[in-house]
Amino acid sequence: MTDYRIGIDFGGTKIEIAALARADGHEIIRRRIANPGHYDGAVLAIRDLVAGVDAELGGQGTVGIGIPGSISPDTGVIKNANATWLNNQPFGRDLTASVGREVRVENDANCFALSEAVDGAGAGRSVVLGVIIGTGMGGGIIVDGKLLAGAHHIAGEWGHIPLPWPRIEEMPLPKCFCGNEGCLERYLSGSALAQDWQGPGHRSTAGIEAAAEAGDITAIGALDRYMDRLARACAMAINFLDPDVIVLGGGVSNVQSIYERVPLLMPRYVITPRCNTPIVRNVHGDSSGVRGAAWLWSHDEQSA
């Protein structure tokens, strides 16, 4: 059995590949290239990256890839991808044919959740909810080390459920690109927090905590609203899923006050008398994408 597994993080501007030791998951190789930005070029680039890793390590590792979208269980083509030229393409089949062995393709937020569940912030926990909060929002659910994808392959799409228990001042509910109104992404993404703080067009939350500590009233108000909204969202997840831990990733996970303030606010909204669900920051950071993609293959599996 080959003693390494390959994970690929397929981003909008870059493609990153890493090889992990099968025995303990330590990183052996990491490479990064620019994303060609078109379908045929991307397939060939991934083929060449995998071939390069195999040549350097003298083997043939299993291959998994995380993408900003998902595979339709009905047709096998990509849907909901931010890189729109991926949509309606049989990416998994084409990669398998190009690489010469099965390539497992999964949503990047699911890969994040899997990485953190296997040997990250959720290690040793039975049910892990992993959430990426950046420019947008995504999530994944891991149960006993296995990804819960769902019948439509959309389980964990936390960003596109409504903000629970909305306040009068939060009305009218903002329109979302998905076609619905009041989605969590419109309130909890990094962009939403930045705009609540500094106004329309702003996308970065860098410095918001320092500004609040310095007495910036708009920063204080934005953080207060954000903490309560995130507490409501986490409480809703606890009420229907009751995970052992909620792991945060993405740029907003760097807002340190979340981990103290949100758990104190959640009991108001959770239906159990005590709420001890930890809200924790990820361990692997930007490496969770490639690591989770590699973990799409379990220890005893070997690609055909």
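Visitor: How many residue pairs are in polar contact between domain 1 and domain 2?

Guide: Two pairs, both at pLDDT 80 or more. A polar contact pairs N or O atoms within 3.5 Å; within protein, one must be able to donate a hydrogen and the other to accept it, and sequence neighbours count only if both atoms are side-chain atoms. On domain 1, the side touching domain 2 draws at least two residues each from strand E5 (70-71) and strand E7 (103-107). This is a predicted model, where local features need pLDDT of at least 70, side-chain atom pairs need 80 or more, and totals for chains, interfaces and linings use all residues. Numbering starts from 1 along each chain as its sequence is written, and side-chain values use heavy atoms, without hydrogens or water.

Visitor: Where do the two domains lie in the chain?

Guide: Domain bounds come from an automatic or database assignment. Here domain 1 takes 4-108 + 287-296, and domain 2 takes 121-282. Their centres, over C-alpha atoms, are 28 Å apart. Seven residues of domain 1 are in contact (heavy atoms within 4.5 Å) with seven of domain 2.

Visitor: Which residues of helix H8 are buried?

Guide: Helices (H or I, at least four residues) and strands (E, at least two) are DSSP runs, numbered from the N terminus. Buried means under 20% relative accessible area, exposed over 50%, partly exposed in between (1.4 Å probe, protein chains only). In H8 (258-265), the buried ones are Ile258, Tyr259 and Val262. They lie on the same side of H8 because their arc, from axis-to-C-beta directions, covers only 80°. Glu260 and Leu264, on the other side, are exposed.

Visitor: What do the buried residues of H8 pack against?

Guide: Their partners are helix H7 (217-240), strand E11 (245-249) and strand E12 (279-281).
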